[in-house]
Amino acid sequence: MLFRSWRFKQFLYGIAAVVALFHDVILTLGLISILDMEITLAVVAGLLAIVGYSLNDTIVVFDRVRENLPRMQGSLSDIIDRSINQCLSRTLLTSMTTIISVALLLALYVGTGNVIEGFAFALLVGVVVGTYSSMFIASPVLLWLESRRQHGLGADDPTKKGSKAVSA
């Protein structure tokens, strides 16, 4: 989170990325729990791979947002929407390639009791969840945090035109 804060010059990007990361890991663990799978060291390795995958994908989207902010006109939500659309083909191609590979790995080892089965399952679920979370979880959280930050600064600053000072 500190790297993201330094890289993007704002702490909010790091918070949004961590929220998406928790979402990915918790959903994957939830599905593993629902299916009553054993959490082995290979499953933990799969969860750690999900962490890296999710953070990488979120950084790609947020980096595009950061690049587009000074170049594009419009609201932050419009810029985030355009940035996601610009990254969408890259994200889908990367995800589909990974999903195909991991699905084949899972198909070869399903039912064998091999530890690779748990790793492949965790990674398959994590890649699917991580792909949509960088667009549909991290970006809306960033937008929500930014709007709260702007409204919080605007409401407490009595020098801004049209704002009302809040008294306790």
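**Exercise 1. Find the partner of R149 in this predicted model and say how far apart the closest N and O atoms are.**

Step 1. Start at the side chain of R149: its salt-bridge partner is E146, and the closest N and O atoms are 2.3 Å apart. A salt bridge requires a distance within 4 Å, so this pair qualifies.

Step 2. Now place the two residues. Both R149 and E146 belong to helix α6, which covers residues 138-156, and they sit three residues apart, about one turn of the helix.

Step 3. Check the surroundings. R149 has a relative accessible area of 34% and is partly exposed, whereas E146, at 7%, is buried.

**Exercise 2. Is D63 buried or exposed, and with which residue does D63 form a salt bridge?**

Step 1. The relative accessibility of D63 is 18%. Buried means under 20%, so D63 counts as buried.

Step 2. The salt-bridge partner of D63 is R66, with 2.6 Å between the closest N and O atoms. R66 is partly exposed, at 27% relative accessibility.

Step 3. Helix α3 contains both D63 and R66, and a spacing of three residues puts them about one turn apart.

**Exercise 3. Classify the aromatic pair formed by Y13 and F62.**

Step 1. Two values are needed here, because a pair of aromatic rings is described by the distance of the centres and the angle of the planes.

Step 2. For Y13 and F62 the centres are 5.3 Å apart and the planes make an angle of 80°. Centres within 6.5 Å make a pair, and planes over 60 degrees apart make it edge-to-face, so that is the class of Y13 and F62. The count of aromatic pairs comes to one.

Step 3. Y13 lies in helix α2 (residues 11-34) and F62 in helix α3 (residues 41-68), so the pair ties together parts 49 residues apart in sequence.

Step 4. Finish with accessibility: Y13 and F62 are both buried.

Methods
Residues are numbered from 1 along each chain as its sequence is written. This is a predicted model: local features need pLDDT of at least 70, side-chain atom pairs count only at pLDDT 80 or more; totals for chains, interfaces and linings use all residues. Side-chain values use heavy atoms; hydrogens and water are left out. Rings of Phe, Tyr and Trp (its six-membered ring) pair if their centres lie within 6.5 Å; planes under 30 degrees apart count as stacked, over 60 as edge-to-face and the rest as tilted. Helices (H or I, at least four residues) and strands (E, at least two) are DSSP runs, numbered from the N terminus. Buried means under 20% relative accessible area, exposed over 50%, partly exposed in between (1.4 Å probe, protein chains only).
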